[in-house]
Amino acid sequence: LRGLRAAWRAPNGALLLVGQQLLLLHASGATSPALRLPRHTRSIDAAWRVDAPLTVAAFVAEPPAAERRSVLPPPAAAVELRRFTPLNGWESICLVPQEADGLAIGEGGQHCGWRVPAAGGGAEGGGAAIGGEDSESGAELYIAELRPGAQPRLLTERAGRCGALSVSADGSAVAYLATYGSLAVRREEAPGEGLAGPPPPAALWWQPWEPGTPPLQLSPAGAHVLAFGWAPEEERTEAAASSERQSGRQSGAGKDRAGRDRSGGGGGG
């Protein structure tokens with residue numbers, strides 16, 4: 001496994017990114033080829049659940065056609081977001097800016113997001129970066145459905161600094177790191193004023209996928225979040241069941257109190 005770049009969970013094993021190829025590591029320790037990536041792949045993420053087929057998303061930088069290479073300055077390669085599924089093979093989703101990185105998809109394989117550093121911002125637009133890594137920096141985050149012709153949507157408008165993002169398992173929301181009310185934003189709101197001081201800490205935010213709902217801050221006020229992740233699926237299931245049981249007990253207790261109140265009121269009359 002020399003050249004191992006990243007790994008993901010897979011049914012009865014693990015999916016490994018080795019060089020430009022995905023390998024399936026079986027429980028026996030043996031490996032078998034799973035998928036060869038397109039040439040010029042820059043960043044990928046993968047999802048493979050027991051109840052769903054393998055889904056791979058990738059940024060692919062296609063070099064310009066031969067007849068355009070003699071043009072000076074040489075044109076930049078077009079970076080394309082692509083999705084692979086066993087049924088449809090590789091499909092083109094949309095174009096993204098040259099600087100796009102940090103590709104991340106949800107476990108369901110239907111939604112994704114990425115980061116565009118501030119120097120290359122634009123609206124054209126965790127995975128394993130082939131020659132890069134995630135870090136909090138001046139950037140914007142974008143999201144898109146993984147279907148051909150999808151339109152990317154800006155997730156972090158007016159955020160100061162943005163870090164990693166992760167799509168929920170069901171694709172209903174996105175968790176991400178960002179600062180709001182940063183020096184950059186305050187300078188925009190109060191131009192010419194000498195603002196100084198460190199930027200605010202990076203907080204963990206929860207943004208529902210459907211537009212129109214403001215993000216919810218999950219981390220405590222003032223806490224600087226360096227990294228985050230999801231609990232294992234069995235723990236998420238148990239937590240949801242526990243929450244439902246607790247809600248049911250509270251609802252039952254409320255009904256009991258209401259019944260006693262009505263009973264007491266009737267006897268007093």
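# Close-up views of a predicted protein model

View 1. Leu4 has Val18 of β2 as its bridge partner. The model is predicted: local features need pLDDT of at least 70, side-chain atom pairs count only at pLDDT 80 or more, and totals for chains, interfaces and linings use all residues. Residues are numbered from 1 along each chain as its sequence is written, and side-chain values use heavy atoms, with hydrogens and water left out. β1 and β2 run antiparallel and are joined by six bridges; two strands pair if DSSP finds at least two bridges between them. Strands (E, at least two residues) and helices (H or I, at least four) are DSSP runs, numbered from the N terminus. The two strands form a hairpin with two residues between them. Strands of a sheet pair through backbone hydrogen bonds, either parallel or antiparallel.

**View 2. The loop between β1 and β2.** Asn12 sits in the loop between β1 (4-10) and β2 (13-18). Its phi is near 60°, a positive value in a residue other than glycine. Asn12 counts as exposed because its relative accessibility is 72%; exposed means over 50% relative accessible area, buried under 20%, and partly exposed in between (1.4 Å probe, protein chains only). Pro11 also has its place in the loop between β1 and β2. With a relative accessible area of 25%, Pro11 is partly exposed. Pro11 and Ala27 are 16 residues apart in sequence, and their C-alpha atoms are 9.6 Å apart in space.

**View 3. Ala6 in strand β1.** Ala6 lies in β1 and counts as buried, at 16% relative accessibility. Asp45 is 39 residues from Ala6 along the chain, and the C-alpha atoms of Ala6 and Asp45 are separated by 9.1 Å.

View 4. Strand β3 (residues 21-26) and strand β4 (residues 31-36) run antiparallel, joined by five bridges. Leu25 has Thr31 in β4 as its bridge partner. Four residues lie between β3 and β4 in this hairpin, and Gly29 in the turn has a positive phi of about 100°. His40 is found in the loop between β4 and β5 (41-47). Phi of His40 is near 70°, a positive value in a residue other than glycine. His40 is partly exposed, with a relative accessible area of 37%.

**View 5. An open sheet of four strands.** The strand order is β14-β15-β16-β17, with antiparallel pairing. β14 (159-167) and β17 (216-217) stand at the edges, each with a single partner strand, so one side of each has no neighbour in the sheet. Strand β16 (residues 203-208) runs antiparallel to β17, and two bridges join them. Trp206 stands opposite Leu216 in β17. In a regular strand the side chains alternate between the two faces of the sheet.

**View 6. The second largest pocket.** This pocket has a volume of about 190 Å³. Of the 14 residues that line the pocket, Leu154, Leu155, Thr156, Gln207 and Thr213 are the closest to its centre. The elements that give two or more residues to the lining are β13 (153-154) and β15 (173-180). The lining divides into seven nonpolar, four polar and three charged residues. Here Ala, Val, Leu, Ile, Met, Phe, Trp, Tyr, Cys and Pro count as nonpolar, Asp, Glu, Lys and Arg as charged, and the others, Gly among them, as polar. A pocket is an open set of points on a 1 Å grid over the protein atoms alone, where a 1.4 Å probe fits, with protein on both sides within 12 Å along at least five of seven lines; lining residues have an atom within 4 Å of a point. Grid points are joined across faces, edges and corners, and the volume is the space filled by probe spheres set on the points.

**View 7. Cysteines.** The structure holds zero disulfides, a disulfide being a pair of cysteine sulfur atoms within 2.5 Å. Cys112 is in no disulfide, and the nearest cysteine sulfur, that of Cys94, is 6.9 Å away. Cys112 counts as buried, at 0% relative accessibility. Cys162 counts as buried at 0% relative accessibility.

**View 8. The protein chain.** The chain has two helices and 17 strands. Buried residues make up 38% of its 269 residues.
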